[in-house]
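Trainee: I would like to learn how to read a structure like this one, feature by feature. Could you take me through it slowly?

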Amino acid sequence: MATSPISRPEKSSVALEPSNGESTAVIAGPNPAELRSRQVLGALVAFRDGDFSVRLPTEWMGTDGRIAEAFNQAIAHEERISHEVERLSVTVGKEGRLKQRMSVPGAIGGWAQKVDSINTLLDDLVRPTTEVARTIGAVAKGDLLQSMELEVDGSLLKGEFLRSAKLVNTMIEQLSVFTSEVTRVAREVGTEGKLGGKAQVKGVSGVWKDLTESVNQMAGNLTAQVRNIADVTIAVANGDLSRKITLDVRGENLQLKEAINNMVDQLRSFASEVTRVAREVGTDGKLGGQARVLGVGGTWNDLTENVNSMANNLTAQVRNIAEVTTAVASGDLSRKITVDVEGEFLQLKNTVNSMVDKLNAFASEVTRVAREGHRGQARRPGAGAGCGRHLERSHRKRQLDGKQSDGSGAQHC
């Protein structure tokens, strides 16, 4: 800022001096001392009004010159301080450069004290902001162990500084408690399988309360869903196919609900059909029954086909045995069991077929002997035991008695 020397209008002074006994007006020049006093006054008034651009003339001599020099130095100091304050208001207050401080080289005494006071004020104002930034930065990185110091250089904070520090620390404490509770519930429900856990965060409100309630609602929903699924699967494992998942769910949980309920439906349908086929074939004697389970695939389809295959095999085996025994009972000894069987059915097949062979051989021998009409001995496989031996003895007795054999001895077997 340019400086300007004080210039004030000068007033002429008038003096009356006698001349030839008559009064005559004489105009005198300006009084230098008065002029300098007026200049000093004008500079002081400008300084008082905040105009730091005014300077006293530097060419004054003597005491007046020293006064002008001291005044000009004082107002220059004040002007530099004013410029520094203006600079700091921009750099610190608007640009956020919190490390900027006032610098007035050569300041001494009160001027230096004034600079130090302003810098101290900046330190005191900036420190809470720096502390808040430090703690909030730690929170942003997941470190909830940091807090704002309530003392500065051994002195407790006061007023708004103390209030702000306590608010920040309370926020961090609530975050820490909330995080701890959420972690605990997540670990118990998600990892340890302890259902029914709830987050307990005392004294919270607003968003923290909403977050706590949301976490508890999530844990409650998961607990209900898992327990419902467990109830249904345990019931299925115990043979109770009447239970289904009934909770109102969405998304992937809905897909899981539908999958389990469909599984229960298929199991119930499969069990019902298997029971029906087993009852019809095994108890009611209704052969040819088949299990019909619609919409099944994979293992359920394989099980259905295996049950139907078993029913088909049983039907074919029992019907083949029935046909052969019916034929034997009707006197037809040309039929045999032909189905491909294994295990005890194979033993039964061999026994029945062997019986038919023996009956067929015996009947053939009896028929031959009866046709020839003379004494003869029937030759057949396995003679000498059972019904065949009894019939042979009866036939010989009738021949010795002179009676004609009509085959009626077979009726006594």
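Mentor: Let us begin with the surface of this predicted model, where the accessible area of the protein comes to about 27,200 Å², and 54% of that area belongs to carbon and sulfur atoms.

Trainee: Next I would like to understand aromatic pairs. How many are there, by the rule used here?

Mentor: Two rings are taken as a pair if their centres lie within 6.5 Å, and the angle between the planes then gives the kind of pair. By this rule the count comes to 2 aromatic pairs. In one of them, the rings of Phe-47 and Phe-52 have their centres 5.8 Å apart and their planes at 50°, so this pair is tilted. Phe-47 is partly exposed at 32% relative accessibility, whereas Phe-52 is buried at 15%.

Trainee: What kind of pair do Phe-47 and Phe-71 form?

Mentor: The centres of the rings of Phe-47 and Phe-71 are 6.5 Å apart and their planes stand at 75°; because planes over 60 degrees apart count as edge-to-face, that is the name for this pair. The pair links distant parts of the chain, with Phe-47 in helix α1 (residues 32-48) and Phe-71 in helix α2, 24 residues apart. Phe-71 is buried, at 13% relative accessibility, and Phe-47, Phe-52 and Phe-71 form one aromatic cluster.

Trainee: Now to charged side chains. How many salt bridges are counted by the rule?

Mentor: The idea is that a side-chain nitrogen of Lys or Arg lies within 4 Å of a carboxyl oxygen of Asp or Glu, and the count by this rule comes to 24 salt bridges. Among them is the salt bridge of Glu-79 with Arg-55, in which the closest N and O atoms are 2.9 Å apart. Glu-79 belongs to helix α2 and Arg-55 to strand β4 (residues 54-55), so that the pair links distant parts of the chain, 24 residues apart.

Trainee: Are these two partners buried or exposed?

Mentor: Glu-79 is buried, with a relative accessible area of 9%, and Arg-55 is buried as well, with a relative accessible area of 12%.

Trainee: Which side chain meets Glu-78 in a salt bridge?

Mentor: The side chain of Lys-114 does, with an N to O distance of 2.9 Å. Lys-114 lies in helix α3 and Glu-78 in helix α2, so the pair ties together parts that are 36 residues apart in sequence. Glu-78 counts as buried at 14% relative accessibility, while Lys-114 is partly exposed, with a relative accessible area of 34%.

Trainee: What else is Glu-78 in contact with?

Mentor: If we leave aside its neighbours within four places in sequence, Glu-78 is in contact with Phe-47, Phe-52, Trp-111 and Lys-114.

Trainee: Where is Glu-84 found, and what does it touch beyond its sequence neighbours?

Mentor: Glu-84 is found in helix α2, and at 13% relative accessibility it counts as buried. Beyond its neighbours within four places in sequence, Glu-84 is in contact with Arg-101, Met-102, Ser-103 and Val-104. The C-alpha atoms of Glu-84 and Val-104 are separated by 7.8 Å, although these residues are 20 apart along the chain.

Trainee: Which residues are linked in a network of salt bridges?

Mentor: Glu-181, Arg-184 and Glu-188 are linked in such a network. The side chains of Arg-187 and Glu-192 also meet in a salt bridge, at 3.5 Å from N to O, where Arg-187 is partly exposed at 39% relative accessibility and Glu-192 is partly exposed with a relative accessible area of 40%.

Definitions and conventions
Residues are numbered from 1 along each chain as its sequence is written. This is a predicted model: local features need pLDDT of at least 70, side-chain atom pairs count only at pLDDT 80 or more; totals for chains, interfaces and linings use all residues. Side-chain values use heavy atoms; hydrogens and water are left out. Contact means heavy atoms within 4.5 Å. Accessible areas come from the Shrake-Rupley method with a 1.4 Å probe; for residues, only the protein chains shown count as cover. Rings of Phe, Tyr and Trp (its six-membered ring) pair if their centres lie within 6.5 Å; planes under 30 degrees apart count as stacked, over 60 as edge-to-face and the rest as tilted. Buried means under 20% relative accessible area, exposed over 50%, partly exposed in between (1.4 Å probe, protein chains only). Helices (H or I, at least four residues) and strands (E, at least two) are DSSP runs, numbered from the N terminus.
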